[in-house]
Amino acid sequence: MSRALRTEAGAIGIETLGMTMRFGEFTALDDVSITVPAGSFHALLGENGAGKSTLVKCIMGFYRATAGELLVAGQEARMTDPRVAQALGLGMVYQHFTLVPSLTAAENLVISRADAPAVIDWRRERARLAAFMETMPFKVPLEQPVSRLAAGEKQKLEILKQLYLGNRFLILDEPTSVLTPDEADEVLGHVRGLTEAGEITVLMITHKFREVTAFADAVSILRRGRHVGGGKVGEISVEEMSRAMMGKAPEVSKRARAGTERREVMRLRGVRAQDRTGLKSIEIEDVALNSGEILGIAGISGNGQMELMEVLTGQRRTMGGEITVKGAPFGATRAEARTHRMRYLPEEPLRNACAPRMSVAENLAFRIFDEGRNGKPAFWKNDRAIARNATTLIEGFKVKTASPAARIASLSGGNVQRAVLGRELTGEVDALIVSNPCFGLDFAAVSTIRDRLMAARNAGTAILLISEDLDEIMELSDRILVMSEGQIAFETPVETADIGEIGRHMAGHGE
Amino acid sequence: MSALDQMPAPGRPAMARALAGLMPRAEAVLIPAGALLAGFAIFSLFLGALGKSPAEFFGLVWKAGFSSAFSWQNTLSRVGPLALAALCVALPARLGLVVIGGEGAIVLGGLAAAVTGTVLAGLPGYPAMLLMAVAAMILGGLWIGAIGALRIRRGVNETIASLLMAYIAIALFNHFVEGPFRDPASLNKPSTAPLAETLRVGDMPFIATHWGVVAAALACLLCWVLIDRTTLGFAARIAGDNVRAAQVQGLPVARLVIGFTALGGAFAGLAGFYEVAAVHGSANASLIAGYGYTGILVAFLARHNPLAILPVAILLGGFEASSGLVQRRMDLPDATILVFEGIVFVIILLSEALYGRLRIFTPGYWEHR
């Protein structure tokens, strides 16, 4: 075996042996052994919740693996602490940026050093940085505040930062999720170049096949915590990869669609609102949501989806246009939502849809606690009704909780999501506005939640699904809209949807 | 594993089930009680460092605050304003607002009561007293409600706003008491005109203390019912825990915030009414006694639970009542009690970090034993 453990230029290889991670009764990672030789570009492929993040967190020392070993450059390494990983030259680039936006690139690099002095001699540091940049195959403007850099440049800076820190094994966690396809190709091309030069070894988490085939040397595929396949890129086909990733049957076929009568439930006309930064605005020309359909809104994170959700839930003031529900103007008050049977499922439900310090039973009662006898809001709280409601929903939606009196924050993400979904889907629901319902959930939870959404659709509920997960949009939607730069850039029925075309519109390269 | 496996089995020992129900509630009592004891301990070290005996100190507190009918009278006379001022902190706190300017509402409430009393001198006692109380509550409610409105409509930090507005309130109070509403007969101590005897709130039968304690107890009970038993209180708790979730539910967050802050201010104003009508007989500088600030400590010790406010107010009322005796007997400055209160307050704030962290207070810990 001639596997290189260390290249001359400094890249180091790693190997996991039987890595296993259990959280209570849940096995997130089950006996995973992968080998990443020095100087290689290795892709780690898997669905959300397949265990990719758990594996890299074990490698980086954020988690202590329940069982298994890790070899770094051929030596057994005990990752007791993230600092150990850093000392061994292991670095991680996260999906979202970890740079300080108000500081310049140079300042970001210098302060990221663990040994940055209390008083910084900037002239000397600049000279050292300039010398360092000379050795790099790509450049980033060093003297501009990071907030002024484009996403692709920020991601390049994150990678430069790891090299500057002396890390020679880089884990990239979905590094292109916030980039346009062109930016992604450029960044990954540079990364590829660095691995070919033997400077670094890369383990990249992704779920994009295109990036795997175009840039990686080899791939390992995880599904439900197990290592289910892999091999050299070129020797394994995309079909084989997707079959290993998805399991036997593709999920789509399981969820039957039933046709129901379509009536317009909600309509947005010329709705304008400021975005989070206050610098840009979102503008929705004309969108209609019909009963018995799932209308998917795709888009790269940060293109106005969050603001659209806030407008629909009444958290963000509009600057014009109108939202109507069944022909009547809609301002998202509780009374209006109740009359029109509108429900919401915001992303990260614990942060956006729950009171974390209140109990599971109380959180489940948010929709019903003030329902009076004859449609009028009740004044006295009915504890018995709240308890009854909790029992029904906990059973009906299989929410695993120690007790209805436990704080909802003590539940796992999947259980919080099921609880909130249960709350929002009880009774008759005419419209459900959903945002990224499966973020960070394990496979089983994702599956039940998608089943529930499809069941609601088949029962005639109009569902607006805002999601950054294109696979989810493709799987569930009847119609797909693409949101880019705060506007609806493209619309297509799912039957004739072309991923490539959608991707181009997501990146703002529609025409 | 099915959902049923997670349910407490019917055959489980009754003890475990009882504890599972009890311990989550006990958390709210045991943590502040532990923090209070830790405060006692640290304060004892402080006394020891001064060469004084902690035992003597706590003995004197007992003697001056709780040992005799006289000391109870002294303590109870402070309970009313303390508890009402604490409600002015606790009610906004349930919505996530830290309002620390109850003092302002107390002095303005007292001023409103005194002025109304002077104007209504001709009216018979009870209706006039009712109007005085209402005037005090309205002014206090407007004052603190404005802080809630500034927060929700303009994003002004309510803690700073309430503190600064308390200073403004005191300045206004001084201006009116020393200027337009000054009783020319009050020479050394500028005051409003003394209230007619018929407008004075008298003492309760058997206990030589005024009706303010009863009013405070009723106010605490009312607030508890409001928060714990009504849908309004439930909505307020949602908004206080996670305002985003409350907005998504379409709850009227702005109205809840303004309503709860105004109600808190109204109770602080009522404290001002009792101080004027039952204790001082007119509005003067004695009204600025710091009840609004000690009330903050009462509310935090009580975990903003209205029912807990009353016993905590009695405890701290006793401590405050003892400050004179401590000063005379132990040769300690009267600010000693403030040092004690400060220590307890810091520890109470630190103990906030413990909630939800201790496994023995979770129901699951007991159900799955």
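Me: Which residues is Val298(B) in contact with, once its neighbours within four places in sequence are left aside?

Reply: In this model, which is predicted, Val298(B) is in contact with Leu82(B), Ala83(B), Ala86(B), Ile309(B), Val312(B), Ala313(B) and Leu316(B), its neighbours within four places in sequence being left aside. Two residues count as being in contact if their C-beta atoms lie within 7 Å.

Me: How many residues does the largest nonpolar core have, and which have the most contacts inside it?

Reply: The largest nonpolar core has 191 residues, and those with the most contacts inside it are Ala83(B), Ala86(B), Leu87(B), Val298(B) and Ile309(B). Helix α11 of chain B, residues 253-280, gives the most to this core, with 17 residues.

Me: Why does this core lie between domain 2 and domain 3 of chain A?

Reply: Domain 2 (262-341 + 429-511) and domain 3 (352-427) of chain A both give residues to the core, and so the core lies between them. Apart from this core lies another one, of 63 residues, and Ala65(A), Leu88(A), Ala184(A) and Leu222(A) are among them.

Me: What makes helix α12 of chain B largely enclosed by the rest of the structure?

Reply: Helix α12(B) covers residues 291-301, and because 10 of its 11 residues are buried, this helix is largely enclosed by the rest of the structure. The buried residues are Tyr291(B), Gly292(B), Thr294(B), Gly295(B), Ile296(B), Leu297(B), Val298(B), Ala299(B), Phe300(B) and Leu301(B).

Me: Why is Arg303(B) called buried?

Reply: A residue is buried if 20 or more other C-beta atoms lie within 10 Å of its own, and Arg303(B) has 20 such atoms within 10 Å, so it counts as buried. Arg303(B) lies in the loop between α12 and α13 (306-321) of chain B, and although Arg303(B) is not a glycine, its phi is positive, at about 55 degrees.

Me: What is Lys398(A) counted as, and how do you know that?

Reply: Lys398(A) has 19 C-beta neighbours inside 10 Å, while a buried residue needs 20 or more and an exposed one has 12 or fewer, so Lys398(A) counts as partly exposed. Its place is in the loop between α13 (383-396) and α14 (413-424) of chain A, and Lys398(A), a residue other than glycine, has a positive phi near 50 degrees.

Me: Why does Glu347(A) count as buried?

Reply: The cut-off is 20 or more other C-beta atoms within 10 Å, and Glu347(A) has 21 C-beta neighbours inside 10 Å, so it counts as buried. Glu347(A) has its place in the loop between β16 (342-345) and α11 (349-352) of chain A. Leaving aside neighbours within four places in sequence, Glu347(A) is in contact with Asn352(A), Ser435(A), Asn436(A) and Phe439(A).

Me: Why are α5(B) and α7(B) called roughly parallel to each other?

Reply: The axes of helix α5 (residues 102-119) and helix α7 (residues 158-178) of chain B come within 7 Å and cross at roughly 25 degrees. Angles under 35 degrees count as roughly parallel, and α5(B) and α7(B) are therefore roughly parallel to each other. The contact is made by residues including Val107(B) and Leu111(B) of α5(B), and Ala169(B) and Phe173(B) of α7(B). The crossing of α5(B) and α7(B) is left-handed.

Note on methods: Residues are numbered from 1 along each chain as its sequence is written. Chains are lettered from A and ligands numbered from 1 in the order in which they are written. This is a predicted model: local features need pLDDT of at least 70, side-chain atom pairs count only at pLDDT 80 or more; totals for chains, interfaces and linings use all residues. A nonpolar core is a set of buried Ala, Val, Leu, Ile, Met, Phe, Trp, Tyr and Cys residues joined through C-beta atoms within 7 Å. Helices (H or I, at least four residues) and strands (E, at least two) are DSSP runs, numbered from the N terminus. Domain bounds come from an automatic or database domain assignment. Axes are lines fitted to C-alpha atoms, for helices over the stretch in contact, and angles run from 0 to 180 degrees between N-to-C directions. Angles under 35 degrees count as roughly parallel, over 145 as roughly antiparallel, 65 to 115 as roughly perpendicular and the rest as oblique. A crossing is left-handed if the near helix is turned anticlockwise from the far one by less than a right angle, and right-handed if clockwise.
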